Each structure stands twice: as C-alpha cells, then as structure tokens.
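Please examine the sequence and the model before reading on.

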Amino acid sequence: MKFIFRLSVLLSVFVLLAASVAVAAKKPKKSRKDQVVTISTSQGDIRLILFDQTPLHKANFLKLAESGFYTGTTFHRIIPEFMIQGGDANSKDAEPGNDGMGSPGEATIPAEILPELKHKYGAVAAARQGDFVNPQRASSGSQFYIVQNHNGVPHLDGQYTVFGQVISGLDVIDKIATQPKGARDRPTTDIKMTVKVEKLKKKKITQLYGYTYE
C-alpha cells in the first residue's frame, strides 16, 4: 500500500511538472530587441518605435520601410497644432494634386484600435477613409500621421489606430508643421523622407532616447 501511495504521489508531481512546462512553453518570450525607425527629412530626423500591441500595423510599416517604399514620399499634409501626414506613393510623382488620394484598389489593414493607445504628442497613427465608406475603420495600407499638438488630440482616440510613438525628434515635427503651405494643407516645398530601420536592444533604446518599455 505504501508503495502504491508513493507511486501515486510521484505521478501527481510528474503531472504537475509536465503541466507547468507546457504552460511555460506556450507563453511567448518577450524579445529583448526592438526596431527603431528613423525618418530623415530636410528639417531633421524623427525616430519612432512601433507597438507590439498592434502587430498588423507594425509588420506592415516595417515591411514598407525596409523595402524602401517610403523613401521619396513626402509629408503631403501639415496642420499646425494638429498633425503632419505622409506616406502616400502618389507623393513621389510630379503631380501634387493626387497626393493623399492613395492608389486605386490599395489594400487596407484591419483596425487595431486599443483604448490604452492614445493620440498624445508624437503618437504615430494610421490614416483611413471616413466612417461613411469605411465603417470598420480599416487603415490605409501606407499613409500615416504624427500628432503635433503638444496637448494631444484626444477627440481622435478610439477612431483611428495608434501604432507607434516618436522617441526622438519632436522638435522636427514642430518645424515641419509650420512650413509654408498652399491648397489642401500641402507644403509649398516638398518635404521628402528617407526611412531606415535599425534593430537595437530595448535597454539601449531606453539609454539613448529615454523611452521606457512597460
């Protein structure tokens, strides 16, 4: 009887250990590294990180940035005390009238609107078509905007996907927002961007830019 009892105890312990290992195996490991995206313009460099909480938008933006898609596009719409917008492939051509219109049949990204991700100063968010044609609030496949208002724009919270945050170059956003502009809030002089991606340890990102990961 003692042998059977001990065997039963050992089996119970084994089952518990196996269950613990299984749970640990399922739990994804947090990466110690992250990508820093640098947007270089005539007004200076803007550096940002993209949120893991919005994986579809993060993967899409990184894919476009690493492929060179954004290089040569412009910040085609600027509104002081609000935001600067860019990323449209049309802004690469010589026709300013189509900037911001996007390409016909361009794929969209499903909304990843989360209550904890706010439109604060320096927030990076996806542009999209209005609710009347886009009730699902799906995002543009490439166009994005950066909040320039120092107090944020909370009236947009819950309506557009915020998927990143500027960690360096907030002053550059301010400079871009105050450039001379004409019709449709388009700068009179093209503000072209070059975009690159660099993978760094999160600890290094915190040291360099003061950004704290939760």
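This is a predicted model: local features need pLDDT of at least 70, side-chain atom pairs count only at pLDDT 80 or more; totals for chains, interfaces and linings use all residues.

## A polar pair: Gln-85 and Gln-143

The side chains of Gln-85 and Gln-143 are joined by a polar contact of 3.0 Å. Gln-85 belongs to strand S4, which covers residues 83-86. Is Gln-85 buried or exposed? Its relative accessibility is 9%, and because buried means under 20%, Gln-85 counts as buried.

The surroundings of Gln-85 can be listed once its neighbours within four places in sequence are set aside. Gln-85 is then in contact with Thr-74, Phe-75, His-76 and Arg-77, with Ala-127, and with Gln-143, Phe-144 and Tyr-145.

## Overall architecture

The protein contains four helices and eight strands. Read from the N terminus, the order of these elements is α-β-β-α-β-β-β-β-β-α-β-α.

Of its 214 residues, 41% count as buried. Among contacts with a separation of 6 or more, 72% are between residues 24 or more positions apart.

## The nonpolar cores

The largest nonpolar core comprises 26 residues, and Ile-39, Phe-75, Phe-144 and Ile-146 have the most contacts inside it. Two or more residues of this core come from each of the strands S1 (33-41), S2 (44-50), S3 (75-79), S5 (123-126), S6 (144-147) and S7 (162-168), and likewise from the helices H2 (55-67) and H3 (170-177). Another core, of 18 residues, lies apart from it and includes Phe-51, Ala-123, Val-147 and Tyr-211.

Which residues does Ile-146 contact, leaving aside its neighbours within four places in sequence? Ile-146 is in contact with Ile-46, Phe-75, Phe-82, Met-83, Ile-84, Gly-122, Ala-123, Val-124, Val-166 and Ile-173.

## Helix H3 and its cover

An α-helix has 3.6 residues a turn, so residues three or four places apart point the same way.

## Gln-35 in strand S1

Another glutamine, Gln-35, is placed in strand S1. Gln-35 has a relative accessibility of 16% and therefore counts as buried. Not counting residues up to four places away in sequence, Gln-35 touches Leu-48, Ile-49, Lys-58, Leu-62, Val-197, Glu-198 and Lys-199.

## The cavity

How many cavities of 30 Å³ or more does the structure hold? There is one, and the volume of the largest cavity is about 50 Å³. The residues that line the largest cavity are His-57, Asn-60, Phe-61, Tyr-70, Ile-109, Ala-126, Ser-140, Gly-141, Ser-142, Gln-143, Phe-144 and Phe-163.

H2 supplies the largest share of this lining, with three residues.

## An exposed proline

Pro-115 is located in the loop between S4 and S5. Is Pro-115 buried or exposed? Pro-115 has a relative accessible area of 62%, and is therefore exposed, since exposed means over 50%.

Although Pro-115 and Asp-157 are 42 residues apart along the chain, their C-alpha atoms are separated by 7.5 Å.

Notes: Residues are numbered from 1 along each chain as its sequence is written. Side-chain values use heavy atoms; hydrogens and water are left out. A nonpolar core is a set of buried Ala, Val, Leu, Ile, Met, Phe, Trp, Tyr and Cys residues joined through side-chain atoms within 4.5 Å. Buried means under 20% relative accessible area, exposed over 50%, partly exposed in between (1.4 Å probe, protein chains only). Contact means heavy atoms within 4.5 Å. A polar contact is a pair of N or O atoms within 3.5 Å; within protein, one must be able to donate a hydrogen and the other to accept it, and residues adjacent in sequence count only if both atoms are side-chain atoms. On a 1 Å grid over the protein atoms alone, a cavity is a set of points where a 1.4 Å probe fits but cannot get out, and a pocket is an open set with protein on both sides within 12 Å along at least five of seven lines; lining residues have an atom within 4 Å of a point. Grid points are joined across faces, edges and corners, and a volume is the space filled by probe spheres set on the points.
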